[in-house]
Amino acid sequence: MANVTLLEADARIMKSTTHSPDIQKRKLLSTLCHVSTFSSWLIVPLIIPIIVICISEDEITIENAKEAINFHISFAIYYAFLILSFILIIGFVLLPILVLVIIADYVLPIIAIVNCVTRLNKPYRYPFIFRLV
């Protein structure tokens, strides 16, 4: 009998599951949904996740696509509110919040992409967004 440690068994399981076609497809489509937020500001970040929802049968991939849509809609609402507040001249008080929103708009999708590649069995949940879809 070969003496197999727990770490070796975990490594074998991860090696066998991370190279299967379904896991690779999950990684690719989930990452594509979150990368789409960098492609454009209006339409593309919504279209790509919607296409992924239509073609995918994997629940985790669909949840990641929904989160990407919710992220884009939420940040569109945040930007619209901040732009409206600047038009009404009270926005200069909210300037630090605008800076935080801009930083979060770039940092949170990067965190989501890393999460989709490393944590394959759990969809990423963005903080501070409205869950509309």
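Six aromatic pairs turn up in a search of the whole structure. A pair here means Phe, Tyr or Trp rings (for Trp, the six-membered ring) with centres within 6.5 Å; planes under 30 degrees apart are stacked, over 60 edge-to-face, the rest tilted.

Take F71 and F75. Their pair is tilted, 4.4 Å centre to centre, with 40° between the planes. Both sit in helix 4, residues 59–87, four residues apart, about one turn of the helix. Helices are DSSP runs of H or I, at least four residues, numbered from the N terminus.

A caution on the source. This is a predicted model: local features need pLDDT of at least 70, side-chain atom pairs pLDDT 80 or more, while totals for chains, interfaces and linings use all residues. Residues are numbered from 1 along each chain as its sequence is written, and side-chain values use heavy atoms, without hydrogens and water.

Buried or exposed? F71 is buried, at 1% relative accessibility. F75 is buried too, at 5%. The cut-offs: buried is under 20% relative accessible area, exposed over 50%, partly exposed in between, with a 1.4 Å probe and protein chains only.

Next, Y78 and F130. Ring centres are 5.7 Å apart and planes at 55°, so this pair is tilted. Y78 lies in helix 4 and F130 in the segment after helix 5, so the pair ties together parts 52 residues apart in sequence. Y78 is partly exposed at 23%. F130 is partly exposed at 37%.

Now the wider picture. Ring pairs link F71, F75, Y78, Y124, Y126 and F130 into a cluster.

Last, helix 5. I103 is found there, partly exposed, with a relative accessible area of 46%.

Note on methods
Helices (H or I, at least four residues) and strands (E, at least two) are DSSP runs, numbered from the N terminus.
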